[in-house]
Amino acid sequence: MPYTVDFDTVSTAGLESSPVAAALAGLRANEARYFKNKYDHVFTVEPADDAKATIDWVNKILQEERAIVISSRPLQATSFEVENIRIAYVFYESGLSINVMYTLEDAKKRAVGFKLSEGMEVPEELASFKFARQKSKLAGTIRGSYFVIKNEY
């Protein structure tokens, strides 16, 4: 069942098993606020078991582009289109959030982003990335990195 992410009242719904559930919920709410403000899109997520196609697509891109396999269990995911951009998010038990922004017409504007919730360590599979820090009222300190997608998916 889809869950609408509320960025006014942050909830850990669906993320309770994460050791950094409150920070991950803040990160998820931060993303929801961004998409509401920038695109007037209501950010909804669904349990990982119901979002297999989205998770498989993200995993395929990670594997084929950089041979990355995320060891943490996915908890929730979402996929949607805004302004000709296909967007997917997966939120993991470790506190990791991965997003794919895939423009449908301009192949130069496609990327995978990684965001680490406050309080989590950098996962071993992402140790080669440099992470920049960003402050968020909803999520505390977020560390983020990305890479550009080169192939077609």
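**Overall dimensions and sheet architecture of the predicted model**

The structure is a predicted model, in which local features need pLDDT of at least 70 and side-chain atom pairs count only at pLDDT 80 or more, whereas totals for chains, interfaces and linings use all residues. Residues are numbered from 1 along each chain as its sequence is written, and side-chain values use heavy atoms, with hydrogens and water left out. Along the principal axes, the C-alpha trace spans about 40 × 35 × 30 Å.

Of the 153 residues, 49% count as buried, where buried means under 20% relative accessible area, exposed means over 50%, and partly exposed covers the range in between (1.4 Å probe, protein chains only). The protein exposes about 8000 Å², of which carbon and sulfur atoms supply 49%; these areas come from the Shrake-Rupley method with a 1.4 Å probe, and for residues only the protein chains shown count as cover. Among contacts (heavy atoms within 4.5 Å) between residues at least 6 apart in sequence, 56% join residues at least 24 apart. The mean positions of the 19 positive and 21 negative charges are 7 Å apart, with Lys and Arg counted as positive, Asp and Glu as negative, and His and the chain ends not counted; each charge is placed at NZ of Lys, CZ of Arg, CG of Asp or CD of Glu.

The secondary structure comprises two helices and eight strands, which follow the pattern β-α-β-α-β-β-β-β-β-β along the sequence. Helices (H or I, at least four residues) and strands (E, at least two) are DSSP runs, numbered from the N terminus. The eight strands form an open sheet with antiparallel pairing, in the order S1-S2-S3-S4-S5-S6-S8-S7, and its edges are strand S1 (3-4) and strand S7 (132-136), each of which pairs on one side only. Two strands are taken to pair if DSSP finds at least two bridges between them.

Within this sheet, strand S2 (residues 44-47) pairs with strand S3 (residues 74-82) in the antiparallel sense over two bridges, and Pro-47 has Gln-76 in S3 as its bridge partner. Eight bridges then join S3 to strand S4 (residues 85-92), again antiparallel, with Val-82 partnered by Ile-85 in S4. The hairpin formed by S3 and S4 has two residues between the strands, and in this hairpin Glu-83 takes a positive phi near 45 degrees. Further along the sheet order, strand S5 (residues 96-103) and strand S6 (residues 110-116) run antiparallel and are joined by seven bridges. S6 also pairs with strand S8 (residues 140-148), in the antiparallel sense over six bridges, and here Ala-111 is partnered by Val-148 in S8. S8 is in turn paired with S7 over five antiparallel bridges, among them one in which Gln-134 faces Ile-142 in S8 as its bridge partner; S7 and S8 form a hairpin with three residues between them.

Ser-97, in strand S5, is buried, with a relative accessible area of 0%. Ser-97 stands opposite Lys-115 in S6, and, when residues up to four places away in sequence are not counted, touches Leu-27, Tyr-89, Val-90, Phe-91, Gly-113, Phe-114 and Lys-115. Ser-18, by comparison, is found in the loop between S1 and helix H1 (21-39), and is likewise buried, at a relative accessible area of 5%. With neighbours within four places in sequence left aside, Ser-18 is in contact with Leu-24, Leu-75, Glu-93, Ser-94 and Gly-95; Ser-18 and Arg-73, which are 55 residues apart in sequence, are 9.6 Å apart in space, C-alpha to C-alpha.

Thr-44 lies in strand S2 and counts as partly exposed, at 28% relative accessibility. Beyond its neighbours within four places in sequence, Thr-44 is in contact with Tyr-3, Thr-4 and Thr-78. The C-alpha atoms of Thr-44 and Phe-7, 37 residues apart along the chain, are separated by 11 Å.
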